[in-house]
Amino acid sequence: MFDIFRYTIPLDDWIAYAVDLLVGNFRPQFQAIKMPIQWMLNGINDLLLWLPPEIVLVLFLVGGWRAAGWKVGIFSFISMGFIGLIGLWPETMTTLAMVISAVVVCVLIGVPLGILSSRSDRFASSLRPILDAMQTTPAFVYLVPVVMLFSIGTVAGVIATIIFSMPPIIRLTNLGIRQVHPELIEATYSFGATRSQVLWKVQIPLALTTIMAGLNQTIMLSLSMVVIASLIGAGGLGVPVFEGLNSLQVGLAGIGGLGIVLMAMVLDRITQALGQTKYDE
């Protein structure tokens with residue numbers, strides 16, 4: 001009987017060859033890409049660990065109160081304080097530094113790409129399959145090429161996090177700008193506004209709620225990568241989860257998971273409220 005799958009495409013060999021080619025010829029370039037992320041990550045991490053925990057807790061209290069009201073402020077204060085009381089304060093600050101670094105890079109790259117997508121259907125169509133692949137590829141698959149190109153460590157974990165968490169902010173920036181009513185844009189042009197004035201004074205402000213929703217999703221996806229990134233040597237709250245899993249210490253894994261959940265809830269409440277505040281304004 002004829003077997004249509006007698007011959008197979010050696011795609012795995014081709015992928016391995018391509019990665020080896022990149023590692024052999026462009027490793028210095030990839031290390032150069034890594035440097036600014038490493039500087040930013042180390043700076044934020046050192047600052048957060050240098051600040052007394054009381055100051056950081058007050059910042060969360062005031063930030064939550066200003067963004068979402070006193071209930072969220074008190075919740076943020078208690079949640080972060082509880083994480084410190086269970087002995088995970090340094091890991092929490094490292095995780096926070098990783099999330100901030102990843103989100104900053106995602107915003108710097110993602111928002112311009114979202115704006116370009118909103119202005120060109122062709123560009124949006126060409127970008128869509130790349131974003132689909134970034135979102136649907138299992139996170140573990142990122143780790144192998146990331147380690148080969150950037151070596152192990154927290155910076156490599158941040159780079160994997162950036163790849164995994166960038167699509168929502170691109171998609172929602174594109175969506176938010178496209179949803180601005182065309183009559184508003186035509187009215188602005190009729191008053192003599194330039195294209196950049198329409199973008200920054202009409203489209204971006206009206207799309208800000210949707211963009212903030214994309215930022216919220218980017219933060220949540222970044223936190224979801226914390227445990228996975230610990231597999232390649234990234235620090236933070238993923239470490240106790242990973243060590244607890246390896247040694248079957250349920251308590252250690254449990255407090256690590258609880259710390260991630262509490263941090264996710266705090267950041268989610270604050271960023272959601274920021275988006276709603278911008279909408280109300």
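Modeller: The unreviewed UniProt entry places the feature "transmembrane region" at residues 47-65, 72-90, 96-118, 139-164, 222-242 and 248-267. UniProt positions follow the numbering used here, feature names are shortened, and such annotations may be inferred rather than shown by experiment. The model is predicted: local features need pLDDT of at least 70 and side-chain atom pairs count only at pLDDT 80 or more, whereas totals for chains, interfaces and linings use all residues. Residues are numbered from 1 along each chain as its sequence is written, and side-chain values use heavy atoms, with hydrogens and water left out.

Two of these spans can be described in detail. Residues 222-242 are 57% helix and 0% strand, with their end C-alpha atoms 17 Å apart. Residues 248-267 are 90% helix and 0% strand, and here the end C-alpha atoms lie 29 Å apart. Helices are DSSP runs of H or I with at least four residues, strands are runs of E with at least two, and both are numbered from the N terminus. By that rule the chain holds 13 helices and 0 strands. Its C-alpha atoms fill a box of roughly 65 × 65 × 45 Å along the principal axes.

The pockets come next. Rolling a probe the size of a water molecule over the atoms shows where empty space is left. On a 1 Å grid over the protein atoms alone, points count where a 1.4 Å probe fits; a pocket is an open set of them with protein on both sides within 12 Å along at least five of seven lines, and lining residues have an atom within 4 Å of a point. Grid points are joined across faces, edges and corners, and a volume is the space filled by probe spheres set on the points.

The largest pocket holds about 430 Å³ of space. Its lining has 19 residues, and F60, L96, I100, L267 and I270 are the closest to its centre. Helix 1 (11-50), helix 2 (53-68), helix 4 (89-119), helix 10 (195-224) and helix 13 (250-280) each supply at least two lining residues.

Of its 19 lining residues, M134, I159, I162, I163 and M166 lie nearest the centre. Helix 5 (121-136) is among the helices that supply at least two residues each, and helix 5 gives the most, with 5 residues. This lining comprises 18 nonpolar residues, 1 polar and no charged.

Side chains of opposite charge can pair when their charged atoms come close. A salt bridge is a side-chain nitrogen of Lys or Arg within 4 Å of a carboxyl oxygen of Asp or Glu, and the whole structure contains 3 of them. In one, the side chains of D121 and R178 meet at 2.9 Å, N to O. This pair links distant parts of the chain, with D121 in helix 5 and R178 in helix 8 (residues 167-178), 57 residues apart. D121 counts as exposed at 53% relative accessibility, while R178 is partly exposed at 39%. Buried means under 20% relative accessible area, exposed over 50% and partly exposed in between, with a 1.4 Å probe and protein chains only.

Another salt bridge joins R171 to D132, with the closest N and O atoms 2.6 Å apart. Here too distant parts of the chain are linked, R171 in helix 8 and D132 in helix 5, 39 residues apart. R171 counts as partly exposed because its relative accessibility is 27%, and D132 is partly exposed at 34%.

The remaining bridge pairs D268 with R269, at 2.8 Å between the closest N and O atoms. D268 is buried, with a relative accessible area of 12%, whereas R269 is partly exposed at 34%.

Terms used
Ala, Val, Leu, Ile, Met, Phe, Trp, Tyr, Cys and Pro count as nonpolar, Asp, Glu, Lys and Arg as charged, and the others, Gly among them, as polar.
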